[in-house]
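The following paragraphs lead through a two-chain model, from overall composition to local detail and confidence. Please keep the structure in view while reading.

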Amino acid sequence: MTFLRLSLALFAAFSLAAPSLRAETIDELKAREHKVQEVAKKVMPSVVAIMSKDPKKPGSGSGVIVQKDGLILTAAHVTAATGDDLVIVFPDGKRASGKALGANRGTDAGLAKITDEGDWPAVEMGSSDRMRLGDWCIAMGHPGGFNYERRPPVRAGRIWRRDSDGAIFSSCPLIGGDSGGPLFDLEGRVIGINSSIHGNVRMNRHVAIDTLRDDWDKMMKEKAWGIQVFSPDSGRPRLGAEFDRDSQEGVKVLEVFDALPASKAGIKAGDVIYKFDGADVATYHHMQRLIGKKKPGDKIKVSLHRGKENVDCELELAKPSKRRESKPDEEENEKEAEKDKGPPEPKIPDEKGPFPYFGAELEDTGGKGARVAAVKENSPAAKAGLVAGDIILRLNDKDVDGPTPASELIRSLKPGDKITIKTKRGETEHSADATLEKKS
Amino acid sequence: MKTRTPILAALFLAVPLTPALLRADGEKPADAPKKEEAKPEDKPKPPKYEEQKSEKPKAAEQEKKEEPKKEEKKAAPGEKPKKFEEQKSDKPAAAKEEKKEESKGPSAEEKYGRETAEILKSWEPAMDEVRRATVQLIRDKKDIAFGCAVHENGYILTKASEVEDKKGVLLTGIEARFPDGMRLPVKRVDVHRQYDLALLRVEARGLKTMPWDEKTVPVPGSFIAAATPLRLPVAVGVVSVAPRNLDDSQKGYLGVRFDEAWKEGVKIAEVTAGSPASKAGFVSDDIIKMVDGKPVATIEDFKSVIATMRPYQSVKIVVKREKGDRELNPTLASRPNAGAFGEDPRNTMSGPLSNNRRGYPDALQHDMSLEPNEVGGPIVDLDGHVLGINIARSGRIECFAIPSKTVKGLLSKVGEGKFNHPELEALREQRKNAEATLERVKKDLDALVKRINEAEAPIPAAESDGDEKDDKK
């Protein structure tokens, strides 16, 4: 398989400087800027928009060409929305026909292919296993759908989180339409595929390229499978050791926990694992993917360097602990995951939330109070007799100082709460009660 | 379309391309239902904004220091404004860095963020000159925008809608805080609505002015920072898209939707009712071959040509039909501006956007995550070159900045306290076309009126009544 050979060759060529945690010089920044500019220029022709041939399916996503024959990496939920027959649009507006190949809806990785004959502009695939927290990356795509008035916008950021389901999170901001678009390393190699976003502008999820590679053969042969569930905790079997997650030349063992598989097999802190279950491993993330395919109780052959010695051993994987060995960045991931489950509602306009509904649009009066600009029919505001033009002076006996404090006050209440409104209409003042409703 | 997964509340990125987004010239239909405009002030403020409040004590301190100075000014109203002297601020660093030190150990998100203390600090040398021409606009102890000093006699350029109420009246009590901490009240002397720029004035002389750089061509991927009067930038990012025209109203509009799957040229899938295309007789399946004598090969070729033409301009288009080629002569209309319609609601979920955020005739797109009250200041490259002025936070992924060259064009009369209006030339040309169209329509109208009058004219008495009735049917 060509892509595997390619990736092995890349492994050998890799050499990355440690992510910087100190202030850099302008020259260092310029060196990085130069790389970003070069990558943006080089990869631009390969970043395509993906649409359905069927005008009744008006979704649009992105993709990136990785083989000259027109093979495209994209997101599973893009081809799920477009159907099998695709229109591939290049940044310069040229079009080609394409078809959807297989996709893993669980990881959100997908493939597509240009069906027209041609020598298509392809980019290289890199290694997400090699990427470390803090490494810089570049995201591209066709946000908002294909737009002939601009090229795919370039966004740069850093990788700051990795989940065990094969997701990378970067601070490259994404929006609708970017889905399926590529995340590049500073050499212009694809290391991830844009997948989804959260309220926090730094929460941009990408499918790790090596996770996509795991499903390569299946995707080439089959249609889409799995269901859309992103879980940062996939409950992998346990080794009982802590590793250097930035390992590049074999996985370095930092700490071994008593009475767990690693210590039972005689693995010691300082050992460097270079072979795992028959596969050469250079990085922690690669080894993690291998463990992810195993079950507790499976016996694994491991080869490691201990000083100048080479040691072979066998270990039996344990059940995942309920609370895994919590390490700082995993704890954070968990915290973040909990946050995700919490209500991000206030920031999502189309969200149904437990917010009180009043039903009046308020505007600035230029002075005191808030002017009612419009009242929704049958809303609590309408029931309380408010009409456009009324000026709200007080809410629950608090002076209203503009539309924002008024909305904030209303927002602080619950559906079902009563609110006393003092208004001015012309020269006369009125007082009325409204009962807040549930926003629907 | 699913917008959320049940578990992680992850929002997928596949945008439903509504027919509006697919419409031929890229424009939205004029009769599109208007979505309510997102109101940032009704939304909870993001953490970044809250953090800024913690800067208050610092601002208050500066305020105290400045108090005597202000009184001095008031005491001598008739006197000429004092020469503004640049002082070197020896304050350790900008707020962000201090905040960092206060917090208990950074999370991965902060440690590996795009705007860590270390990264902002790396930019310090590039800020050195430009920050001296940058001001912080404040009102009621709150930061409301940045501004650029653009003339030594006290003129300051900023984003108009951030210093005005919704009716365009200047907010009261705005002050400009200079890099040395000096605070002066501002007056407004002019506004450029199209670019949403305001020209303010403070009573000061000898201001250091913004060194707009017209020569540097920003390319996608160029590193940029949003300068402040302090030593460190408020945000950093990269140029996402080279400068382009965002003013759809100045772009020609034909009103057709193309067959996206058709690869052998430009095939019309649908003609918008009432559009210039339908009036000129375009029909579905027409294949567009030539525009004003030039062949067009792709949909984008065609769209680009039409977009650079002006509304009311007449254009010759040759289409291929089964029965042979035909020349049609539509008169283009003005492309409806997108407005809030079609905007992805996910744009506002990561924090508020600027109220005024579209339609600038020349704007560079970048990927900083600015708060609405962080625009109005300069963007600077790693050499300290000023590439433009930040004009809007327009989406989750995008901010717009007006390039320096355009800013300089708008400011060619700044010494007189007003904006230059280079865009008027284009508008006048558009008016000329509109007048010509009106003239044609008037002629048509006259002819119609004449025909109607003729038809309804009383018939000479000699004719019979019966004939008249038949004619009317």
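Of the contacts in chain B with a separation of 6 or more, what percentage comes from residues 24 or more positions apart? In this predicted model, such residues account for 65% of those contacts in chain B. The corresponding share in chain A is 62%. Chain B has 473 residues, of which 42% are buried, and its secondary structure comprises 12 helices and 23 strands. In chain A, 47% of the 440 residues are buried, and there are 10 helices and 26 strands.

The interior may be considered next.

Helix α9 of chain B spans residues 299-308, and its buried residues are Ile299(B), Glu300(B), Phe302(B), Lys303(B), Ile306(B) and Ala307(B). Viewed down the axis of α9(B), these buried residues fall within an arc of 160°, and therefore they line one face of the helix. The spacing follows a general rule: an α-helix has 3.6 residues a turn, so residues three or four places apart point the same way. What do the buried residues of α9(B) pack against? Their partners in chain B are the strands β12 (252-253), β13 (256-258), β14 (266-271) and β15 (287-291).

Chain B also contains a closed barrel of six strands, in the order β10-β11-β20-β23-β22-β21, with antiparallel pairing. From one strand to the next, the twist averages 45°. One pairing may be followed in detail. Strand β20 of chain B (residues 363-366) and strand β23 of chain B (residues 399-403) run antiparallel and are joined by three bridges. Gln365(B) stands opposite Phe400(B) in β23(B).

In chain A, strand β2 (residues 59-65) is mostly covered, with seven of its seven residues buried. Which residues point to each side of β2(A)? Gly59(A), Gly61(A), Gly63(A) and Ile65(A) point one way, Ser60(A), Ser62(A) and Val64(A) point the other way, and all are buried. In general, side chains of a regular strand alternate between the two faces of the sheet.

Strand β2(A) has pairings with β1(A) and with β3(A). With strand β1 of chain A (residues 47-52), β2(A) pairs in the antiparallel sense over five bridges, and Val48(A) stands opposite Gly63(A). These two strands form a hairpin with six residues between them. With strand β3 of chain A (residues 71-75), β2(A) runs antiparallel and is joined by two bridges; here Leu73(A) is the bridge partner of Val64(A). The hairpin of β2(A) and β3(A) has five residues between the strands, and in it Gly70(A) takes a positive phi near 100°.

Gln248(A) lies in the loop between β13 (241-243) and β14 (251-256) of chain A. Because it has 17 C-beta neighbours inside 10 Å, Gln248(A) counts as partly exposed. Its C-alpha atom is separated by 9.1 Å from that of Val281(A), 33 residues apart along the chain.

Confidence remains to be considered. The model scores ipTM 0.75 and pTM 0.72. Chain A has a mean pLDDT of 83, with 85% of its residues reaching 70 or more. Its pLDDT stays under 50 over residues 1-18, which have 13 contacts beyond four places in sequence, and over residues 323-353, which have 38 such contacts. In chain B the mean pLDDT is 79, and 74% of the residues reach 70 or more. Over residues 16-103 of chain B the pLDDT is below 50, although this stretch has 121 contacts in the model beyond near neighbours in sequence. Residues 468-473 of chain B also stay under 50, with two contacts beyond four places in sequence. Where pLDDT is low, the predicted coordinates should not be read in detail.

Key:
Residues are numbered from 1 along each chain as its sequence is written. Chains are lettered from A and ligands numbered from 1 in the order in which they are written. This is a predicted model: local features need pLDDT of at least 70, side-chain atom pairs count only at pLDDT 80 or more; totals for chains, interfaces and linings use all residues. A residue is buried if 20 or more other C-beta atoms lie within 10 Å of its own, exposed if 12 or fewer, and partly exposed in between; C-beta atoms are placed from the backbone. Helices (H or I, at least four residues) and strands (E, at least two) are DSSP runs, numbered from the N terminus. The arc is that of the directions from the helix axis to the C-beta atoms. Two residues are in contact if their C-beta atoms, placed from the backbone, lie within 7 Å. Two strands pair if DSSP finds at least two bridges between them. Axes are lines fitted to C-alpha atoms, for helices over the stretch in contact, and angles run from 0 to 180 degrees between N-to-C directions. pLDDT is the predictor's confidence in each residue, from 0 to 100.
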